[in-house]
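Please review the sequence and the structure shown here. The briefing that follows is intended for a reader new to this structure.

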Amino acid sequence: MSASLNKSSLTLSLMLIAALLLGACQPAAAPTQAAQPTQAPAAADLLSEINTRGTIRISTDLNYAPQSSGVDGAARAADTKCGGDELTANQVEGFDIDTAVEIAKRLGVEPCFVTPSWDLITAGSWGGRWDISVGSMTITKQRQEVLWFSPGYYFTPAQLAATGDSGIAQVEDISGKPVCAGSATTYESYLKGDDIGIPDADIKVPPPPDVEVVSLDTDALCAQAIQAGRTDFLAFMTSGTVVDQAIAQGIPVVKVGSPAFIEKLAVAIDKASPKEPQSLLAAISQSVQDMHTDGTLTASSIKWFGADLTVVP
């Protein structure tokens with residue numbers, strides 16, 4: 001064997017050894033991981049969350065006929081997506097209910113109803129417990145600080161009523177007398193002489209002084225208390241539609257004088273919603289405008305009130 005061959009073999013051997021040593025120094029390749037399933041991102045806005053859920057949660061008052069009331073004996077819809085503590089559309093009825101159901105239909109979701117107290121609804125900061133209020137809420141400056149409002153879907157007169165033998169013939173006659181009203185309502189604010197928060201032009205009769213306000217959970221309870229024999233007040237203030245309902249039910253009360261003020265009633269959404277509410281507000285506002293245009297609200301108003309209350313008086 002020649003010297004040159006020995007040198008070549010030695011060189012090749014050294015190169016092989018170096019390659020092996022270099023390979024041994026390289027870190028082991030990370031094991032291949034199985035692909036992880038991707039999760040859909042949480043909805044950033046309230047409308048998207050409602051669409052994903054398939055339901056819209058609506059607060060309302062079930063003791064406010066003909067705007068809203070429960071249907072006696074009605075069982076929950078069998079195929080509902082509503083939660084166990086929520087009422088389905090067939091369990092409630094009234095003008096507000098029909099309005100809410102139609103809004104849900106136009107959004108493509110199922111309406112589900114909850115019944116928190118009125119003072120909780122008007123205070124805002126709902127904590128996501130319900131999405132909207134369709135409960136004959138008057139737009140006021142104070143409420144606009146915590147709630148967003150759609151365009152008004154109807155307009156009602158605030159009406160004083162009293163027992164037929166009370167001697168009260170006009171709004172001014174209740175000065176110095178006890179008068180019933182619902183807690184946290186525009187009627188309570190009016191009777192107390194507080195700023196209602198509506199345009200001055202909508203106030204038709206100045207509030208009389210020194211009224212002693214008897215506040216109940218809702219103003220509909222005032223007429224019911226009179227019917228039950230309560231005598232610490234003989235007059236109450238509420239929507240003219242509620243007075244009409246009380247009279248139709250045989251409660252011994254009459255309307256007193258002309259309406260004290262006019263209320264613009266709208267759908268409300270919590271400004272402090274955990275999910276951004278502006279897209280939902282825009283969608284609902286469009287639905288309300290369309291319902292005015294196509295006559296849906298007019299037909300419903302005539303059905304429940306016997307008159308069209310969907311135009312500004």
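Phe95, Tyr153, Tyr154 and Phe305 form one aromatic cluster. The rings of Phe, Tyr and Trp (its six-membered ring) are paired if their centres lie within 6.5 Å; planes under 30 degrees apart count as stacked, over 60 as edge-to-face and the rest as tilted. The model is predicted: local features need pLDDT of at least 70 and side-chain atom pairs count only at pLDDT 80 or more, whereas totals for chains, interfaces and linings use all residues. Residues are numbered from 1 along each chain as its sequence is written, and side-chain values use heavy atoms, with hydrogens and water left out.

**Aromatic pairs**

- By the ring rule, the count comes to 8 aromatic pairs.
- Tyr154 and Phe305 are a stacked pair, with 5.7 Å centre to centre and 10° between the planes.
- Because Tyr154 lies in strand β9 and Phe305 in helix α10, this pair ties together parts that are 151 residues apart in sequence.
- Helices (H or I, at least four residues) and strands (E, at least two) are DSSP runs, numbered from the N terminus.
- Tyr154 is buried, with a relative accessible area of 0%, and Phe305 is buried as well, at 18%.
- Buried means under 20% relative accessible area, exposed over 50%, and partly exposed in between (1.4 Å probe, protein chains only).

**Helix α10**

- Within helix α10 (residues 296-305), the residues Leu297, Ser300, Ser301 and Phe305 are buried.
- These residues cover an arc of only 105° around the axis, which puts them on the same side of α10; the arc is that of the directions from the helix axis to the C-beta atoms.
- The buried residues of α10 pack against α3 (95-107), β9 (154-163), α8 (240-248) and α9 (278-293), where contact means heavy atoms within 4.5 Å.

**Nonpolar cores**

- A nonpolar core is a set of buried Ala, Val, Leu, Ile, Met, Phe, Trp, Tyr and Cys residues joined through side-chain atoms within 4.5 Å.
- The largest such core has 29 residues, and those with the most contacts inside it include Ile56, Leu107 and Tyr153.
- Elements giving two or more residues to this core include α3, α9 and α10.
- Helix α3 provides the largest share of this core, 6 residues.
- Another core, of 23 residues, lies apart from it, with Ile168, Ile196, Ala220 and Phe261 among them.

**Whole chain**

- The chain contains 10 helices and 13 strands.
- Buried residues make up 44% of its 313 residues.
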